[in-house]
Structures are given as structure tokens and as C-alpha cells.
Amino acid sequence: MRTLVYTGFMSLDGVVDSPGGGPGEEHRSGGWVFKDLDFVEEAWSLKAEELADTTALMFGRRSYEAFAPVWPGSQDHAAYKELPKYVVSTTLPDDALVDGWGPTTILRSTEDVAALKDGEGGAIFIHGSAELARRLSDEGLIDQYHLLVFPVLLGAGKSLFGRADRDKHMLTLRESENYSNGILKLVYDVRR
């Protein structure tokens with residue numbers, strides 16, 4: 001069985017919207033990950049550590065459409081270029097997939113995600129894709145959360161966690177670290 005990991009940047013009030021401020025990131029505070037905060041290299045070590053464990057990437061449609069034009073040519077994301085990618089979407093047409101960014105498969109339902117998880121292989125990392133992450137969390141499909149929590153309150157924007165009434169999910173803290181610029185690294189396993 002494969003592990004499904006959500007990895008992302010999050011404000012203290014749970015917003016994951018527009019952290020980099022690039023194209024398609026329309027939040028009024030877009031780029032909040034890089035603005036008004038001292039750069040502390042070790043605070044970003046989680047991203048490098050994840051590369052060793054990543055065997056595939058998963059995106060929702062909107063995140064795929066935002067990342068696909070940029071990541072294939074990005075030196076920061078070169079290690080991801082040939083990895084298999086999965087896009088979870090009921091609306092993305094097959095001909096919308098980007099060439100030259102490794103094998104990409106469209107999954108049309110959470111059942112397709114569950115079947116992928118039941119197969120052979122290593123960890124699949126979800127980047128961005130807040131709506132997808134909420135849906136997969138509600139279905140009990142996410143196994144781990146890798147979060148870098150930033151010392152900022154954004155007040156509005158896409159949240160990683162839904163507000164719907166649902167059964168609670170208990171988490172076990174696997175790893176944590178705090179950095180001099182106020183960023184917290186939190187790695188949780190979802191208890192089953």
C-alpha cells in the first residue's frame with residue numbers, strides 16, 4: 001500500500017492560498033511565504049528531505065494548471081520532472097496534459113485515488129491542491145501531513161482543513177522543529 005502525503009506551506013490560521021504569489025495565485029497577500037520574513041535556510045530543509053521519499057506527485061486540476069507551465073523548466077523542481085504525476089479531476093481533458101513533464105495520469109474520482117494507494121510503489125506527495133486535500137482527508141485517504149507553518153495570519157483564503165462536521169481524525173506528531181524566523185516544521189501521521 002502506498003502512502004499519500006500532503007505537503008505544504010500554511011499560515012498560522014490554516015490558509016494555504018497563494019504562498020508563492022506566482023501566476024494564478026490571486027490572494028491579496030500572495031507571496032506571503034517570502035515576504036516580511038528572514039530567510040533561514042534550515043527552515044526549508046523539509047522540502048529537500050521529501051525528495052528522497054517522493055515517488056510520484058498528485059495535484060488537483062487548478063494546482064496542476066498553475067504548476068504545469070512552470071515546474072517542468074524550473075531548476076528548483078528539476079528532481080520532480082520525470083516522476084509520475086496524477087491529476088485528480090472530473091473536468092480536465094486528456095489533451096490538456098503538458099508534454100515533457102514525465103508520465104501523467106488523470107484520476108477521475110476519490111475511488112481512483114484509493115485504488116492507486118492500494119497498489120505497489122512508494123509515497124505520493126500532494127502539493128498545493130487544498131480542495132483536493134480536504135476531499136481526500138474527508139475520505140480518510142491522506143496518511144501524513146508535512147507542514148511548514150508560517151508566523152502570519154492571513155484571515156481569508158483557501159484552507160487546508162474543511163469546516164464541515166465530520167468524524168475527528170487523530171494525528172501523531174512524528175517530527176517537529178522551530179526556526180529562528182518563527183516557521184514551524186510539523187510532520188504528522190494520521191492515526192488509523
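Visitor: What should I know about the numbering and the model before I start?

Guide: Residues are numbered from 1 along each chain as its sequence is written, and side-chain values use heavy atoms, with hydrogens and water left out. The model is predicted, so local features need pLDDT of at least 70 and side-chain atom pairs count only at pLDDT 80 or more, while totals for chains, interfaces and linings use all residues.

Visitor: In what order do the strands of the sheet stand?

Guide: Strands of a sheet pair through backbone hydrogen bonds, either parallel or antiparallel. Helices (H or I, at least four residues) and strands (E, at least two) are DSSP runs, numbered from the N terminus; two strands pair if DSSP finds at least two bridges between them. Here eight strands form an open sheet with mixed pairing, in the order S4-S3-S2-S5-S1-S6-S8-S7. Strand S4 (104-107) and S7 are at the edges with a single partner strand each, so one side of each has no neighbour in the sheet. From one strand to the next the twist averages 25°, with axes as lines fitted to C-alpha atoms, for helices over the stretch in contact, and angles running from 0 to 180 degrees between N-to-C directions.

Visitor: In which sense do S1 and S5 pair?

Guide: S1 and S5 pair in the parallel sense, over four bridges. Val5 stands opposite Phe125 in S5.

Visitor: Which residues touch the most other members of the largest nonpolar core?

Guide: In soluble globular proteins, nonpolar side chains tend to be buried together. A nonpolar core is a set of buried Ala, Val, Leu, Ile, Met, Phe, Trp, Tyr and Cys residues joined through side-chain atoms within 4.5 Å. Buried means under 20% relative accessible area, exposed over 50%, partly exposed in between (1.4 Å probe, protein chains only). The largest core has 25 residues, and Leu4, Tyr6, Met58 and Leu136 touch the most other members. Elements giving two or more residues to this core include S1, strand S2 (54-60) and helix H4 (130-138). H4 supplies the largest share, four residues. A second, separate core of 15 residues includes Leu57, Leu83, Leu92 and Ala123.

Visitor: What is the volume of the largest pocket, and which residues are closest to its centre?

Guide: Rolling a probe the size of a water molecule over the atoms shows where empty space is left. On a 1 Å grid over the protein atoms alone, a pocket is an open set of points with protein on both sides within 12 Å along at least five of seven lines, a 1.4 Å probe that fits but cannot get out marks a cavity, and lining residues have an atom within 4 Å of a point. Grid points are joined across faces, edges and corners, and a volume is the space filled by probe spheres set on the points. The largest pocket has a volume of about 1,400 Å³. Of its 45 lining residues, Pro19, Glu25, Phe67, Trp71 and Gly128 are the closest to its centre. H2 gives the most to this lining, five residues.

Visitor: Which residues are closest to the centre of the second largest pocket?

Guide: The second largest pocket has a volume of about 160 Å³. Among its 13 lining residues, Asp53, Gln144, His146, Arg174 and Val187 are the closest to the centre. H1 gives the largest share of this lining, four residues.

Visitor: Ser18 has a positive phi; is Ser18 buried or exposed?

Guide: Ser18 has a phi of about 55° although it is not a glycine. Ser18 is buried, at 4% relative accessible area. Asp36 also has a positive phi, about 60°, and is not a glycine, but Asp36 is exposed, at 81%. Ser18 is in the loop between strand S1 (4-11) and helix H1 (45-53), and Asp36 is in the loop between S1 and H1.
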